Amino acid sequence: MQTKPLSWSEIRKNATAFVKEWSGETYEKGEAQSFWTELLAVYGVRRRAVARFEAQAKRIDGGTGFIDLFWPGILIAEQKSAGKDLVAAEGQAMEYLNSVTEAEQPRYVITCDFETFRLRDLEAPPGEDPVVIFALEDLPTEAERLGFIAGYQKRAFGSEQQAEASIKAAQIMADLYIELEKSGYDEHESSVFLVRTLFALFADDSGLWERDLFLEYVETRTSPDGSDLGAQLSVLFQTLNRPENKRLKNADELLLRFPYVNGSVFGEPISIPYFDRAMRDKLLAACHFNWGSISPAIFGSLFQAVKSKEARRELGEHYTTEENILKLIGPLFLDELRQRFVDNQHKLPELRRLLQDMGELRFLDPACGCGNFLIVAYRELRALELDVLVRIQELDRRAQQTALVMDEDDLVRVRMNHFYGIELEEWPATIARTAMFLVDHQANQDMSLKIGQSPDQLPLTESAQITVGNALRTDWNHVLPASEEVIVMGNPPFIGQYSKSVDQTEDMKAAWGADYDGYLDYVTGWHAKANSYFRETQRAQFAFVTTNSIVQGQPVPALFGPLRRDGWEISFAHRTFAWTSEAPGAANVHCVIVGFRKGHPRQGARLLSYDAGKGDPIERPARQINAYLADGPWVLVQKRSRPLAQLAPVVYGSKPSDGGHLVVERNQYSTVSRDPVASLYLRPFVGARELVRGEDRWCLWLEGLEASHLAQSSLLKDRVNGVQEFRRSSKKAATKALASTPHLFAERRPQSAPFLCMPSVVSETREFFTAGRMAADVIASNLAFQCPDPDGYAFAIASSSMFITWQKTVGGRLKSDIRFSNTLVWNTLPLPEVDEGLRQKIIEAGKSVLEARALRPERSLADHYNPLAMDPALLTAHRTLDKVVDKAFGCKIADPTEQDRQETLFARYAELTSAGQLDLSAKKPRKKRA
């Protein structure tokens, strides 16, 4: 009794007999059904169990036709007499697809005239011919073309078609979950039941057992009303958990055709769910879908979401693309292994050594979720291993003139139980284990296709090792002992420093110990754990995907200082890019990928950059990648109390703390300005909003207030009294104390000459910083920064590309917007001393920027610097300014990129600060860990 798919040698033997039987046949009506029944039998498939003849379907013209052979989810076939037009027959078959439900849509269309097969793949990858034509007599050598009949799937990993199939599959599982939820079935048991159902559906379509055996069981052994479906499935699942030699001899013949799987999937006892007709119909619809076409990595992410109502509404919009996963695992380990294969194509001993080394690697994802990184890494390593095996066979055949037969240990060195994960929740952990089974089977199918051998798939004897627990509280060595063969990777949760819960803050303290400073994002806890995990290991490497906040602003020294101190360097990095799904409506998260190594021979690093954070990365070799992901000296930029350059200090503007009584809004201006006394004290008042948007606002600046003026102006008196009352009612002692001088701003920093005014936050889309020069009579609010600038030199520097590059590189962020800091950005700007001639050129270039703005007086700074609508004259003025400022910083590249400017800035910073003294790896003493 057949319980697993036929091997390729058996299929080719059957194909030879089939050709001998059917050569010379020409008549469609008389023999078509026998022809297709026997063709499916070549691949070990019982036609009655999977496909039907003469299925009724509607044509485009509204008429009714009959499909010669229809296998839902797999293929549609049209058989013609010898010599008939197969292209026309294909068109006829394609018409019928309009009346097929989405779940039953087939991937393949086959037309045949007994002499020739025409096969169309409706999901062929871009660039690949979707149509294949071959003669009946060539079937034994072309058998792989129809391998999908036996469950041997041809997959283009990461393709749009596979992503779409995975989304449809997850939607089907969501429908099943909703029905279970409505019936009141226990949540945990629902999870177990869904995973078992998924395994059975996948097994039906991928050759783990007879094709559509599970479908046959549901259709023939359960009542149409669904009343006994739960009980019958429970019986089936128990059978799958029992070895064949221990099953009852008088059991249902159909049950006995199922192979033994084992307890890793079917062992846990659960109660019997209740089903009705609608639920049975949904399960049958799921059976008709082609589960062999899914990507376990993508599907796993989506399957994880089916239990959430909110996530179900957006199903397909939020999953980690395989392309993004490959961005990490490629430079971390995969590219090097592939290069070894290329370099040793003709060296048999080296190829065997490569297999051995791959088999010794172990992988840990300590934030594994539903296992995406483990799944893709395992799949890619198995694919590389297969390429090596094929090449070894080729070399051995040349030497021995015979086919090579290997035992299982030689065949598969990369095993599922080499892959480990830590996951906080049980449901995604279960999905991770199950998805690894699926990708393991796909890898074994590919092996069978290419070398005619593969390990036995069932029963399941090993699995990925997924531990359920809090990764920041778990000792990783208890999961997988650290060694030089272990590679750590993953995508820890994105939670900002101010978004952490109390428990998560305690997690961070436990992970970082004495190195925790309170400013670090939650994701950095995994860096601390990786550092601790590999503490006794001489050579090690790890890489994580994180938000780009870890390489911006004040937290940078707190993260990279301890790592550098403990011997880590950056081996590769992806600069900021949008981590998003390929589906419409997905939310963007701006990410970086940073790979670390220690104990490896010092060599160059790989730095990958993106155009506006999108598209394919551009790679350039780097001598050394620093903590800001620039090719430059290792520096950690920390706050300074005074400017490093010859620039005036930048400080906050004046703070009213007045309850609004000293501030005059636009709708109040006419009233205040008509008051002959109050108008004497009226001054323009500019904060970040007024500066950037060009809005008008004023304040009553009452320094030097004449006492008699209060008596002369009831408006002025009422406003001062309002300030006093506001301050007296404050709960803050410092504010209460200010009630004694209610006419004065709480903090006063007026300027006596023209000054530079800078907003505290700037849109991330700005190509230049939106700074402005103000007259001395303007009062800057505490929502803006200011600095004396009598000649415009500070304005010119702040308006340059060099400055905004430094701001974006070392400054912090408010959400994704640029957050200016005087101590971290302005005071650390590494502008060398310039001679008077160059200084004047910079000032003149800055004046040209102001003159270009004046050409469009109706525009605010926000309008002027809209990246999609900058005036050409203003853009030209900025480019002229950049040329002289770039020269001042010592940049010798004619048209520098942002990355070029970063390298220049860090070189200057190192020179001006003796950067080694700022390197925490050298400066900070080792503290005893808590």
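Predicted model: local features only at pLDDT ≥ 70, side-chain atom pairs only at ≥ 80, totals over all residues.
Residues are numbered from 1 along each chain as its sequence is written. Local features need pLDDT of at least 70 and side-chain atom pairs count only at pLDDT 80 or more, while totals for chains, interfaces and linings use all residues, and side-chain values use heavy atoms, without hydrogens or water.

Select residues 465–468 and 614–622, which are strands 9 and 15 (strands are DSSP runs of E, at least two residues, and helices are runs of H or I, at least four, numbered from the N terminus). These two stand at the edges with a single partner strand each, so one side of each has no neighbour in the sheet. The open sheet has mixed pairing and runs 9-8-7-10-11-13-12-14-15 (a pair needs at least two DSSP bridges). Now pick strand 10 (residues 486–490) and strand 11 (residues 540–547): they run parallel, joined by 4 bridges. Ile-487 has Gln-541 of strand 11 as its bridge partner.

**Stop two: a helix pair.** Select helix 12 (residues 296–304) and helix 18 (residues 426–451), whose axes are 9 Å apart. Pro-296 and Phe-303 of helix 12 are among the contact residues, as are Trp-427 and Leu-438 of helix 18 (contact means heavy atoms within 4.5 Å).

Next, select strand 18 (residues 682–686), which pairs with strand 23 in the parallel sense over 2 bridges. Finish at Val-686, whose bridge partner in strand 23 is Ala-780.

Definitions and conventions. Axes fitted to C-alpha atoms, helices over the stretch in contact; angles between N-to-C directions.
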